[in-house]
Amino acid sequence: MRVSLDKLVAGGIAAAIAALTISAVVSLDRPAHAAPAEAVVAVPAATGAADLKLPGKRAQVVFAGGCFWGVQGVFQHIKGVDNAVSGYIGGRPADANYARVSGGGTGHAEAVQVTYDPSQVSYGQLMQVFFSVAHDPTQLNRQGPDRGTQYRSAVYADDAAQRDATRAYIAQLQQARAYAAPVVTTVDGGKPFVAAEGYHQNYLTLHPESLYIRINDQPKVAALQRMYPQLYREKPRLVSTLSARS
């Protein structure tokens, strides 16, 4: 499997110290910007214009917040989310493959397309999860150990009401001083989303032994369960292998 240089480096460091205890591995090899679960920022629920109420039983939005493995894993554990697909957005569809996107020159972001039932989980609740446990919205063109514009923080919504609600929620978070640094998340729409290769789908669930997953992503799922127990679903809703890209 092809992985980014940062992940290869992390894996190489892990292998070099494999003889140490697990606790030593975690403390020595933890990427400098990967915050432990205890450091996750609790953010307020969406209110006012940010508390969007959508009709019907199907809505869709794309969240970009660093490596799509962890973002997908978080949303797959949320009640009311029918599908969460890892993929690429922001560049030309012809360039949407991991080999090119990981180089950072295609204009894409690694992202997750979330299809959900607004009667079960609101858009405001999804944003609350995204801006707290799924990623750090104050990191510009990076997330945890990963660097580059392909790891930017962004929300892509074709629905104008969702875009307006997202901007309102960002303003709410800024006014509440929820973070020590400004939110850098951008809001856009009308961009084609292309599903990632099959080996990237369900990665958090299928590779729990991965050091990258253990350090960077499993704490996100644990934080989701701890902070939003009313939204947490024990069994993740996985992407069908029949529909995944080869």
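Which way do Ala109, Ala111, Gln113 and Thr115 point from E3, and which way do Glu110, Val112, Val114 and Tyr116? Select E3, residues 109–116, to find out. Ala109, Ala111, Gln113 and Thr115 point one way from the strand, Glu110, Val112, Val114 and Tyr116 point the other way, and all are buried. Buried means under 20% relative accessible area, exposed means over 50%, and partly exposed lies in between, with a 1.4 Å probe and protein chains only. In a regular strand, side chains alternate between the two faces of the sheet.

The model is predicted: local features need pLDDT of at least 70, side-chain atom pairs count only at pLDDT 80 or more, and totals for chains, interfaces and linings use all residues. Residues are numbered from 1 along each chain as its sequence is written, and side-chain values use heavy atoms, leaving out hydrogens and water.

**The partners of E3**

Strands pair if DSSP finds at least two bridges between them. Helices (H or I, at least four residues) and strands (E, at least two) are DSSP runs, numbered from the N terminus. Click Gly87 and look for its bridge partner in E3, Ala111. Val81 stands opposite Tyr116 in E3.

Now select E1, residues 59–65. E1 and E3 run antiparallel and are joined by five bridges. Val61 stands opposite Val114 in E3.

**The whole sheet**

Show the other strands of this sheet. Six strands form an open sheet in the order E7-E6-E1-E3-E2-E8, with mixed pairing. E7 (186–188) and E8 (193–195) stand at the edges with a single partner strand each, so one side of each has no neighbour in the sheet. From one strand to the next the twist averages 35 degrees. Axes are lines fitted to C-alpha atoms, for helices over the stretch in contact, and angles run from 0 to 180 degrees between N-to-C directions.

**Helices across the sheet**

Select helix H3, residues 68–76: the helix lies across E1, E2 and E3, at about 165 degrees to E2. Then select helix H6, residues 160–175, which lies across E1, E3, E6 (153–156) and E7, at about 170 degrees to E7. Contact means heavy atoms within 4.5 Å.

Zoom out last. The chain has eight helices and eight strands. Of its 246 residues, 52% count as buried.
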